[in-house]
Amino acid sequence: MTTGTLSPPNRLTEDRETYSQAQILSALSFAFRLSKRESVSAQNIDALCNAFAYVVDAKSPFTYHHSVRVAETAESMARHLGMEPESVVRIRRAALLHDIGKLFVPDAVLHKKEGLTQDELDTVREHASLTEEILRCVGAFSDLATMAGRHHERLDGSGYPRGLTSEDLTLEDRIIAVADFYSAMTENRPYHQAISHEDAMAVLQRYVPHKLDAACVLALATVRGGGIPVA
Ligand SMILES: [Fe+2]
């Protein structure tokens, strides 16, 4: 068994709209070499999560840096909520990997500006269950599969893919759901322009408490600054 530490790809620059093919290949090759190992150190699991996040974010200029932003936000929220260090690490890793299922959604659908057909919407929504399936197949990631696959679930059962409710969703799940929703609203997408922090917080607040966890939204407001806007 090999026990040394592999070198992760050079830190990818943050001022580009998309990563170069060489950078993506470097991240994939690093991930592949790690996956051949019998055991993976915590340091290398983190590097592997980062590598896959870079690959997912590189798929489209619209998802550029999304996974990394969700991870940074979710990690800050988890710390603010006083979660145990092991939980904070799990949340960061699951957030980095939460959209890995999008690798299987065609760009033509992901980049579509006009409204999606029901079939296309179903295809996009499938990414959440694909994320769970993919992660469950990779030993080092299997314990993150459930959490990562739940990032579009809502407390009232209106989310997907399973329509879980508050009884099923843990604080970890709720943190990632809020961090993902906030990040998506404050980033450009083919079908909408990024909105401001204040406007995004106002939207999140409208979904409290039936869809989103109140404590998580408050934690986000605190760690991102600006507080909760008065309606
Ligand atoms: Fe997603």
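Colleague: Of the 231 residues of the chain, what percentage count as buried?

Modeller: The share that counts as buried is 36% of the 231 residues. A residue is buried if 20 or more other C-beta atoms lie within 10 Å of its own, exposed if 12 or fewer, and partly exposed in between, with C-beta atoms placed from the backbone. This is a predicted model, where local features need pLDDT of at least 70, side-chain atom pairs count only at pLDDT 80 or more, and totals for chains, interfaces and linings use all residues. Residues are numbered from 1 along each chain as its sequence is written.

Colleague: And how many helices and strands are there?

Modeller: The chain has 10 helices and 0 strands. Helices (H or I, at least four residues) and strands (E, at least two) are DSSP runs, numbered from the N terminus.

Colleague: How far does helix 8 reach from its first C-alpha to its last?

Modeller: Helix 8 reaches 21 Å, close to the 21 Å expected at 1.5 Å a residue. The expected span is 1.5 Å times one less than the number of residues in the helix.

Colleague: At what angle do the axes of helix 8 and helix 9 cross?

Modeller: Helix 8 (residues 171-185) and helix 9 (residues 197-206) cross at roughly 140 degrees, and their axes come within 9 Å. Axes are lines fitted to C-alpha atoms, for helices over the stretch in contact, and angles run from 0 to 180 degrees between N-to-C directions. The two helices are therefore oblique to each other. Angles under 35 degrees count as roughly parallel, over 145 as roughly antiparallel, 65 to 115 as roughly perpendicular and the rest as oblique.

Colleague: Which residues make that contact?

Modeller: Helix 8 supplies Val178, Phe181, Tyr182 and Met185, while helix 9 supplies Ala200, Val203 and Leu204. They divide into 7 nonpolar, no polar and no charged. Ala, Val, Leu, Ile, Met, Phe, Trp, Tyr, Cys and Pro count as nonpolar, Asp, Glu, Lys and Arg as charged, and the others, Gly among them, as polar.

Colleague: Now helix 3 and helix 10. At what angle do they pack?

Modeller: Helix 3 (residues 66-80) and helix 10 (residues 214-224) pack at about 105 degrees, with axes 9 Å apart. They are therefore roughly perpendicular to each other. Thr73, Ser76, Met77 and His80 of helix 3 meet Cys216, Ala219, Leu220, Thr222 and Val223 of helix 10. That contact has 5 nonpolar residues, 4 polar and no charged.

Colleague: Different topic. Is alanine 148 buried or exposed?

Modeller: Alanine 148 is buried, because 27 other C-beta atoms lie within 10 Å. Its place is in helix 7 (residues 145-148). Leaving aside neighbours within four places in sequence, the contacts of alanine 148 include Ala94, Leu97 and Thr131.

Colleague: And where is lysine 112?

Modeller: Lysine 112 lies in the loop between helix 5 (107-110) and helix 6 (118-137). Lysine 112 counts as partly exposed because it has 15 C-beta neighbours inside 10 Å. Not counting residues up to four places away in sequence, lysine 112 touches Glu120 and Pro190.

Key:
Two residues are in contact if their C-beta atoms, placed from the backbone, lie within 7 Å.
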